[in-house]
Amino acid sequence: MADAPVEDQAEHPGEQIAVQAAGAIPWRVAGDRLEVLLIHRPRYDDWSWPKGKLDPGETLPECAAREVREEIGIDARLGIPLPTTHYRVSAGLKAVHYWAMQLERSTPVRPDGEEVDQFHWCGPEEAELLLSNQTDVVPLEALVDAHRRDALATRPLILLRHAKAKPRSSWTKAEGDRTLAATGVRQAEAVGRLLTVWKPVRVVTSPWRRCLDTVLPYVRASRDKVKIRLVEDLTEHRAARKPRKAAAAVVRLFDKRQPAVLCTHRPVLPTILDEFRTFLTPELAAQLPASDPYLTPGELIVFHVPVEGPERAVAIEQVKPYDD
């Protein structure tokens, strides 16, 4: 695994991160009341959120989902990203990256009995009092604020660039049949693991081989029924001639109101990103990549869209699959 990145934290400017970790704040609505799920860790005798250290071969979102699954037996979709917390441990500065995680009232919680021995549903005010580490209040406050703004219950719409393909210069067959390179095959497997974090149930893709081969590992491994739609307008040739038809695929993603992923080619990304910008505030739009290549092979952007209300994105995040 590569060295941890240097981050500019308000309280620790420029200091290198010694330990990377990730977790989530599970939440639900009981009646009209927001509730969050605290866990008790017997090893530390503290109340916290489900979280843990990054394992070799995984991304931060994958780590967050895995830790929730291992500690309390829940395999749920990650929601909006929440603020990262920083505090010192024996190894140095530790960063914990958080996401919201919506649960149904009927979702069973099963502590593993080792890392976690108790759990407690409560309102945010009680949670703030019970949390042992006050840095854990920071993501809680952001979650509560998102709830007030109707920006907490969301579904993901994901823009994905296909994994690394064999070079054009060495390909003598039809362009639509160009396959993934050996590194691209590994990237596609990593993309498949990463997509399980957001669990899209709808896959919209260019029918060209390199796009299909990028999304198929996820589709094949998914335990849920996933629908695939092949859209010729997302191919390089068709999008160059009729960009508005390629852009229309984005509008249909919003219209369907389902968690979805759209896979296309680098030359098509400017058209697709321009259409996504129409659903963003200027502040969020400024976070989108603005120059070629926009995304590296296998890289994706998650647009978090409220499940109800106007069609808009309230948060975005850009993630690369694990690169070995």
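**Close-up views of a predicted model**

Figure 1. In β13, Leu262 is the bridge partner of Leu159. The model is predicted, so that local features need pLDDT of at least 70 and side-chain atom pairs count only at pLDDT 80 or more, whereas totals for chains, interfaces and linings use all residues. Residues are numbered from 1 along each chain as its sequence is written, and side-chain values use heavy atoms, with hydrogens and water left out. Strand β10 (residues 154-161) runs parallel to β13 and is joined to β13 by five bridges; two strands pair if DSSP finds at least two bridges between them. β11 also pairs with β13 in the parallel sense, over four bridges, and Arg202 has Ala260 as its bridge partner in β13. Helices (H or I, at least four residues) and strands (E, at least two) are DSSP runs, numbered from the N terminus.

**Figure 2. Burial along β13.** Strand β13 spans residues 260-264, and five of its five residues are buried (buried: under 20% relative accessible area; exposed: over 50%; partly exposed: in between; 1.4 Å probe, protein chains only). Ala260, Leu262 and Thr264 point one way from the strand, while Val261 and Cys263 point the other way. In a regular strand, side chains alternate between the two faces of the sheet.

Figure 3. On a 1 Å grid over the protein atoms alone, a cavity is a set of points where a 1.4 Å probe fits but cannot get out, and a pocket is an open set with protein on both sides within 12 Å along at least five of seven lines; lining residues have an atom within 4 Å of a point. Grid points are joined across faces, edges and corners, and a volume is the space filled by probe spheres set on the points. The largest cavity holds about 40 Å³ of space. Its lining consists of Arg202, Val204, Arg229, Ala249, Arg252 and Leu253. Both β11 and α7 (243-256) supply at least two lining residues, and α7 gives the largest share, three residues. By class, the lining of this cavity has three nonpolar, no polar and three charged residues (nonpolar: Ala, Val, Leu, Ile, Met, Phe, Trp, Tyr, Cys and Pro; charged: Asp, Glu, Lys and Arg; polar: the others, Gly among them).

**Figure 4. The second largest pocket.** The second largest pocket contains about 490 Å³ of space. Of the 21 residues in its lining, Arg41, Tyr44, Lys53, Tyr87 and Lys94 lie nearest the centre. At least two lining residues come from each of β5 (46-48), β6 (51-53), α1 (60-72) and β7 (81-89). The lining of this pocket divides into 10 charged, six nonpolar and five polar residues.

Figure 5. Most residues other than glycine have a negative phi, and most peptide bonds are trans. Asp45, in the loop between β4 (33-41) and β5, has a positive phi near 50 degrees. Asp45 counts as exposed because its relative accessibility is 58%. Lys199, in the loop between α4 (182-195) and β11 (202-205), likewise has a positive phi near 50 degrees. Lys199 counts as buried because its relative accessibility is 14%. Asp292 and Pro293 are joined by a cis peptide bond with omega of about 15 degrees; Pro293 is found in the loop between α9 (282-285) and β14 (300-306).
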